[in-house]
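Here are a few exercises to work through with the model open beside you. Try each task before reading its solution.

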Amino acid sequence: MCDTFNTVLEETCLLLETYKGRDKIIRTLCYLSRLLGELQNDPELRKKFSTFGSQMSATRTTLRLFDDALVLRNTLQYRFGKNEPDKYMAAMGVMSNVLDHIFLPLEKVSWLAKHRLLTGLDNTKWETASSACWVLTAYLTILKTLRYLVLLKKHESCLNKAESSISSEKLQVLRQYQLWTLGRAFLDFLHAVNTLPPGFLWSSRLKPWFVSLIGTSSSIIGLYLIIYKKWLK
């Protein structure tokens, strides 16, 4: 029991020590509290959960104001995706990085307008533009992951002919990771489309409790993938 507690504590601290890990934990708390709030019959308790979720969401948005240097570093390291398995995945990776660089200033302007630090701007338009970037990024992630799964399937066929059991086990771990990534990207795409104004697919049509469930599920998968990625090394 003590060993289990120490392991959980250590993993939690490792997550909190990294920006990505802390962001995933805050995101999970945000959507989980919103989900719990939607399930409450007591209006006062519902309001408390909603307030906590809103504050967690505001925390993430504020922290993203400082993401520019991190995104730029990742883009420079990625360059044109020369380490990707093929040119299609590299192209989608480059497009995702471009969208990240477009998203950040859009969200900053939206944040400044929302808090009246910039006047004369319609916050809604900037927020819609940043949501559109999120939709495209999630869609590209789905396409890129599907492409990777296809390549893994082709590689598996070659391994089966060569009867290489060790590489096959490694391939299975990679496939599981990509399947979880695909599931999370699909959930994010559902969520992102819903944040757009009415009139595009299912935008603004999903129930609040369902949106909270999607966000909670995606966040938990994100936490799991951070831990799972360690097994790939």
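This is a predicted model: local features need pLDDT of at least 70, side-chain atom pairs count only at pLDDT 80 or more; totals for chains, interfaces and linings use all residues.

**Exercise 1. Find which residues Ser212 contacts outside its own stretch of sequence, and decide whether Ser212 is buried or exposed.**

Solution. Start by setting aside neighbours within four places in sequence; Ser212 is then in contact (heavy atoms within 4.5 Å) with Tyr31, Arg34, Leu35 and Glu38. Last, check the cover: Ser212 counts as buried because its relative accessibility is 5%. The classes are buried under 20% relative accessible area, exposed over 50%, and partly exposed in between, with a 1.4 Å probe and protein chains only.

Residues are numbered from 1 along each chain as its sequence is written, and side-chain values use heavy atoms, leaving out hydrogens and water.

**Exercise 2. Identify which members of the largest nonpolar core touch the most other members.**

Solution. Take the definition first: a nonpolar core is a set of buried Ala, Val, Leu, Ile, Met, Phe, Trp, Tyr and Cys residues joined through side-chain atoms within 4.5 Å. The largest such core has 16 residues, and Val135, Ile142, Tyr148, Leu152 and Phe189 touch the most other members. Helix H6 (123-162) and H7 each supply at least two residues of this core. Now zoom in on Ile142: not counting residues up to four places away in sequence, Ile142 touches Leu182, Ala185, Phe186 and Phe189. A second, separate core has eight residues, among them Leu99, Leu106, Cys133 and Leu140.

**Exercise 3. Describe the backbone and the accessibility of Leu201 and Ser204.**

Solution. Locate Leu201 in the loop between helix H7 (165-194) and helix H8 (208-232); Ser204 is found in the loop between H7 and H8. Then read the phi angles: Leu201 has a positive phi of about 50° although it is not a glycine, and Ser204, also a residue other than glycine, has a positive phi near 60°. Finish with accessibility: Leu201 is partly exposed because its relative accessible area is 45%, and Ser204 is partly exposed at 42%.

Key:
Helices (H or I, at least four residues) and strands (E, at least two) are DSSP runs, numbered from the N terminus.
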